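Subject: Structure handover

Hello,

Here is the structure for your files. My notes on it follow below.

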Amino acid sequence: MLKPNQMKFLKKLVIAITVLISVSATRRTRGDRYYSSASSYSFTPSTTAIGEWSRARATYYAATDPRDEIGGACGYGDLKENGYGMATVGLSSSLFNRGQICGACFELRCVDDLKYCIPGTSIILTATNYCAPNYGLTVPPSTTTTSDDDENDNGDSGGSDNVDGGLCNPPNKHFVLPIEAFEKIAIWKASNMPVQYRRIKCRREGGIRYTLNGSGFFYSVLITNVAGVGDVVAVKIKGSKTGWLPMGRNWGQNWHINADLKNQPLSFEVTVSNGVTITSYNVAPKDWQLGQTFNGKQFDS
């Protein structure tokens, strides 16, 4: 047993440690108040390695579908205006990863169907949209499996409600392409096709683009035209009167912060899913305005 004087010393030691922890936590809280709008810096690594072929299925949507006009779940706006054109794809939940995958590039090729696949072809697409599940639809087993013994479902579901329905239910790995892209690898009558896909590096012309929006002390930055692995997982912004401030993912590749950044040149630090970070200083000049787009440095493609 401890002696009385030893007990007193132990109690004092515990009290001292408790005070130190409390002070440290208070200091961190005060220092972090300015960054309260930012989300966690951590990210989930991609489950598909670059260059590794995997199996999935693909359907298409019609040219008259309005989804390209609104830009989709990644927030890119007008896809043609922002340089993505029709080489885009919507992903099922199993691939979309709550929007983190936005901006990543995939190569798709049609397989296992001698009647409808166009031999020796593949297409490169950028993830720009989300194919939401619909648990009210029952999908035949032949459209849900991605094993080697897949049966082909060659019905006319390519332009039907099934595109946004049960085909994208978890755990299905499913791609939804514009019909212009789909017809690069398969005849449109094929509809729901078995495909192989792999992550590849994105090739982009010019630098990363930063589009500024918001009001008051709330700022939103849309990040587009990202080369390399393509999917941004963390962003920091810096004014000439501030340190580096982490931004939070608002939705897709729109990032936000609450801070006073007016009348300051702005710099950006962008981290992608393979952990590589690139820093662009003074991207926006002191007299920047909301709605403007500025170019920064670019990742290697």
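Which backbone nitrogen does the side chain of threonine 242 reach? The backbone nitrogen of glycine 239, at 2.9 Å. That is within the limit for a polar contact (a pair of N or O atoms within 3.5 Å; within protein, one must be able to donate a hydrogen and the other to accept it, and residues adjacent in sequence count only if both atoms are side-chain atoms). Threonine 242 sits in the loop between strand E9 (232-239) and strand E10 (245-246). Its relative accessibility is 13%, so threonine 242 counts as buried.

On conventions: this is a predicted model, in which local features need pLDDT of at least 70 and side-chain atom pairs count only at pLDDT 80 or more, while totals for chains, interfaces and linings use all residues. Residues are numbered from 1 along each chain as its sequence is written, and side-chain values use heavy atoms, with hydrogens and water left out. Helices (H or I, at least four residues) and strands (E, at least two) are DSSP runs, numbered from the N terminus. Buried means under 20% relative accessible area, exposed over 50%, and partly exposed in between (1.4 Å probe, protein chains only).

Strand E12

Four of the five residues in strand E12 (residues 254-258) are buried. E12 runs antiparallel to strand E8 (residues 218-224), and five bridges join the two; strands pair if DSSP finds at least two bridges between them. Phenylalanine 218 stands opposite asparagine 258 in E12. Strand E11 (residues 248-251) is also antiparallel to E12, with three bridges, and there glycine 248 faces histidine 256. The hairpin of E11 and E12 has two residues between the strands, and in it glycine 252 takes a positive phi near 55°.

Salt bridges

The structure holds four salt bridges (a side-chain nitrogen of Lys or Arg within 4 Å of a carboxyl oxygen of Asp or Glu). Among them are these:

- Arginine 198 and glutamate 107 meet at 2.9 Å, N to O. Arginine 198 is in strand E6 (residues 193-200) and glutamate 107 in strand E3 (residues 105-110), 91 residues apart. Arginine 198 is partly exposed at 24%, whereas glutamate 107 is buried at 12%.
- Aspartate 231 and arginine 199 meet at 3.3 Å, N to O. This pair links the loop between E8 and E9 to strand E6, 32 residues apart, and both residues are buried.
- Lysine 236 and glutamate 269 meet at 4.0 Å, N to O. Lysine 236 lies in E9 and glutamate 269 in strand E13 (residues 266-272), so the pair ties together parts 33 residues apart in sequence.

Regards
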